[in-house]
Structures are given as C-alpha cells and as structure tokens.
Amino acid sequence: MIITCTHCKEQIFEDYDFCTYCSRNETYYFCGTGCMLRTWLHPEAFLGADKSQLRRGVARDYFTGKPLDAGEAIWVAGSDIVGPMGPAIVPLADEASVAKFKQRHGGKATFKLSDLDDAMWEKLTGKKAAR
C-alpha cells in the first residue's frame, strides 16, 4: 500500500514511521519527524483540525524501531542524521538512549513534545512553523 505524507505529500511505503491520531477517528501519516512535528504545532493549518482534537502522535524509536508515544519520547535535534526532508529530529525512548545517540551522532538540543513551540521550532530548524 502506498500512502502520502499528510504534510508534504511525499510517497510513504507500507512501513511508515510517524503518524498522528485525531479525535475525528482519522490517522495522518508522515514521511519524517519534521513533517509530523510541524503539523503537530499547527494542525489548523495542515489538517484543518484544532490542536485539542489531536489524540497522540506515534514515532519509531531510532535504535529499536519500536513505536513510541511522541509525547513520551525524548527528541534530539542538531545531530548528523539526515531524513527525507533534511536534518532529522530524532525520537528516542529514554535518557540512556539519548546519551548513546549523542555519543555516536552528536545533537545540539533535546526536548519533549510538550515543550515544542514556534520559537523552539525556528531555533532548531531555522524555518517558520506555519506557512
């Protein structure tokens, strides 16, 4: 099954890595963390949904590939990892994984999804969060 990224419309093949569930019983799929996080910040612009309608995001842990609740993950930005849309923001399960990841790949900032706002997004990516 081929689906497209909700944000950028890039094709995603069957084993997608990132998705967001909405209270309207809809699931949105993303090609990478950047598209998912940007949409999470502004669902009104990208999904036509209010932020209160978002139930949860799911991302795959960088090391294990297992699904993680995006709200529980520790996110690392500024590493040497590149995704489909450029520098990747990487989800990890715990502090031990963050330490191991930073030792291998670097990383300038860590955050939780609840801390992410427009100002942080712009600082991490150099881009505006909403169009």
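Analyst: A polar contact is a pair of N or O atoms within 3.5 Å, and within protein one of the two must be able to donate a hydrogen and the other to accept it. The model here is a predicted one. A case that meets the cut-off is the side chain of H7, which makes a polar contact with the side chain of T39 at 3.3 Å.

User: Where does H7 lie, and is H7 buried or exposed?

Analyst: H7 is found in the loop between β1 (3-4) and β2 (11-12), and because its relative accessibility is 10%, H7 counts as buried.

User: Which backbone atom does the side chain of T33 reach, and what does T33 touch?

Analyst: T33 belongs to helix α1 (residues 33-41), and with 6% relative accessibility T33 counts as buried. The side chain of T33 reaches the backbone oxygen of I89 at 2.6 Å. When residues up to four places away in sequence are not counted, T33 touches F18, W75, I89 and P91.

User: How should I read a helix cap, and which residue caps the N-terminal end of α4?

Analyst: One looks at the end of the helix for a side-chain atom placed against the backbone. D117 caps the N-terminal end of helix α4 (residues 118-125), with a side-chain oxygen 3.3 Å from the backbone nitrogen of A119. Just after α4, G126 adopts a positive phi of about 75°.

User: Turning to packing, which residues touch the most other members of the largest nonpolar core?

Analyst: As a general idea, nonpolar side chains in soluble globular proteins tend to be buried together. In this model the largest nonpolar core has 27 residues, and L37 and W75 touch the most other members. At least two residues of this core come from each of β4 (26-30), α1, β5 (54-60) and β7 (74-77), and α1 gives the most, with 5 residues. Leaving out residues up to four places away in sequence, L37 touches W75, I89, F111, L113, L116 and W121. There is also a second, separate core of 8 residues, which includes I74, I81, L92 and V98.

User: How many aromatic pairs does a search of the whole structure find, and how does one classify them?

Analyst: The search finds 4 aromatic pairs. The angle between the ring planes decides the class, since planes over 60 degrees apart count as edge-to-face and planes under 30 degrees apart count as stacked. The rings of F63 and F101 have centres 6.4 Å apart and planes at 70°, so this pair is edge-to-face. Because F63 lies in the loop between β5 and β6 (67-69) whereas F101 lies in helix α3 (residues 95-105), the pair ties together parts that are 38 residues apart in sequence. F63 counts as partly exposed at 26% relative accessibility, whereas F101 is buried, with a relative accessible area of 0%. A stacked example is the pair of W75 and F111, at 6.5 Å centre to centre and with 15° between the planes. W75 lies in strand β7 and F111 in strand β11 (residues 109-111), so this pair ties together parts that are 36 residues apart in sequence.

User: What else surrounds F63, and which residue has its charged end over the ring of F63?

Analyst: Y62, F63 and F101 form one aromatic cluster, and the charged end of K100 sits over the ring of F63, 4.5 Å from its centre.

User: How do I read the two faces of a strand, and which residues lie on each side of β7?

Analyst: In a regular strand the side chains alternate between the two faces of the sheet. Both faces of β7 are covered, with I74 and V76 on one side and W75 and A77 on the other, all of them buried.

User: Which strands pair with β7?

Analyst: β7 and strand β10 (residues 90-92) pair in the antiparallel sense over 3 bridges, and V76 stands opposite V90 in β10. β7 also runs antiparallel to β11, to which 3 bridges join it, and there the bridge partner of W75 is F111. A109, which lies in strand β11, is partly exposed, with a relative accessible area of 22%. Leaving aside neighbours within four places in sequence, A109 is in contact with W75, V76, A77 and L124.

Terms used: Residues numbered from 1 in each chain as written. Predicted model: local features only at pLDDT ≥ 70, side-chain atom pairs only at ≥ 80, totals over all residues. Heavy atoms only, no water. Helix = DSSP H or I, 4+ residues; strand = E, 2+ residues; numbered from the N terminus. Buried < 20%, exposed > 50% of the residue type's maximum accessible area, 1.4 Å probe, protein only. Contact = heavy atoms within 4.5 Å. Core = buried A, V, L, I, M, F, W, Y, C linked by side-chain atoms within 4.5 Å. Phe/Tyr/Trp six-rings, centres within 6.5 Å; stacked < 30°, edge-to-face > 60°. Lys NZ or Arg CZ within 6 Å of the ring centre and 35° of its normal. Pairing = 2+ DSSP bridges.
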